[in-house]
Amino acid sequence: NVYNFGTPYRWITTDLNRKDAALYKANGVLNMLARNASVKTAPERWHTERHHTFDVIIAFEDRVFDALVD
């Protein structure tokens, strides 16, 4: 499943529940979406935005933090 940046987590969650709720719950995707939705509305492609600066970036997972630092 591929969703464009800006697709609301609520829509993604509804779509995945419709496709196979048990699968996406078991593999943790629905939990990840709920966690992310508590922070922002949709995935953002902020790392390519040249006109914004960020003072703080929060990464929930070590591998994501490592990718950000790289």
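Biologist: Buried means under 20% relative accessible area, exposed over 50%, and partly exposed in between, using a 1.4 Å probe and protein chains only. What does Arg10 count as?

Modeller: Arg10 counts as exposed, because its relative accessibility is 68%. This is a predicted model: local features need pLDDT of at least 70, side-chain atom pairs count only at pLDDT 80 or more, and totals for chains, interfaces and linings use all residues. Residues are numbered from 1 along each chain as its sequence is written, and side-chain values use heavy atoms, with hydrogens and water left out.

Biologist: Fine. Where is the place of Arg10?

Modeller: Arg10 sits in helix α1, which covers residues 9–26. Helices (H or I, at least four residues) and strands (E, at least two) are DSSP runs, numbered from the N terminus.

Biologist: How much of the protein chain counts as buried?

Modeller: 14% of its 70 residues.

Biologist: What share of the contacts is between residues 24 or more positions apart?

Modeller: Such pairs account for 44% of the contacts with a separation of 6 or more in the protein chain. Contact here means heavy atoms within 4.5 Å.

Biologist: Which residues make up the largest nonpolar core?

Modeller: The six residues are Tyr9, Ile12, Leu16, Tyr24, Leu30 and Leu33. A nonpolar core is a set of buried Ala, Val, Leu, Ile, Met, Phe, Trp, Tyr and Cys residues joined through side-chain atoms within 4.5 Å.

Biologist: Which helices each supply at least two residues of this core?

Modeller: α1 and α2, the latter being residues 29–37. The largest share, four residues, comes from α1.

Biologist: Take Ile12 from that set. What does Ile12 touch, not counting residues up to four places away in sequence?

Modeller: Ile12 touches Tyr3, Thr7, Leu33 and Pro43. Of these, Leu33 is also listed in the core.

Biologist: How far is Thr13 from Val29, going by C-alpha atoms?

Modeller: The separation is 8.8 Å, for residues 16 apart along the chain. Asn31 can be set against Thr13 too: their C-alpha atoms are separated by 9.6 Å, at 18 residues apart along the chain.

Biologist: Is Asn31 buried or exposed?

Modeller: Asn31 is exposed, because its relative accessible area is 54%. Its place is in helix α2.

Biologist: Different topic. How many aromatic pairs does the structure hold?

Modeller: One. The rings of Tyr3 and Trp11 have centres 5.8 Å apart and planes at 75°, so the pair is edge-to-face. Rings of Phe, Tyr and Trp (its six-membered ring) pair if their centres lie within 6.5 Å; planes under 30 degrees apart count as stacked, over 60 as edge-to-face, and the rest as tilted.

Biologist: What do the two partners count as, starting with Tyr3?

Modeller: Tyr3 is partly exposed, at 23% relative accessibility. Trp11 is partly exposed, at 48% relative accessible area.

Biologist: Last one. Where does Ile58 lie?

Modeller: Ile58 is in the loop between α2 and α3, with α3 being residues 62–69. At 66% relative accessibility, Ile58 counts as exposed. Ile58 and Ala37 are 21 residues apart in sequence and 14 Å apart in space, C-alpha to C-alpha.
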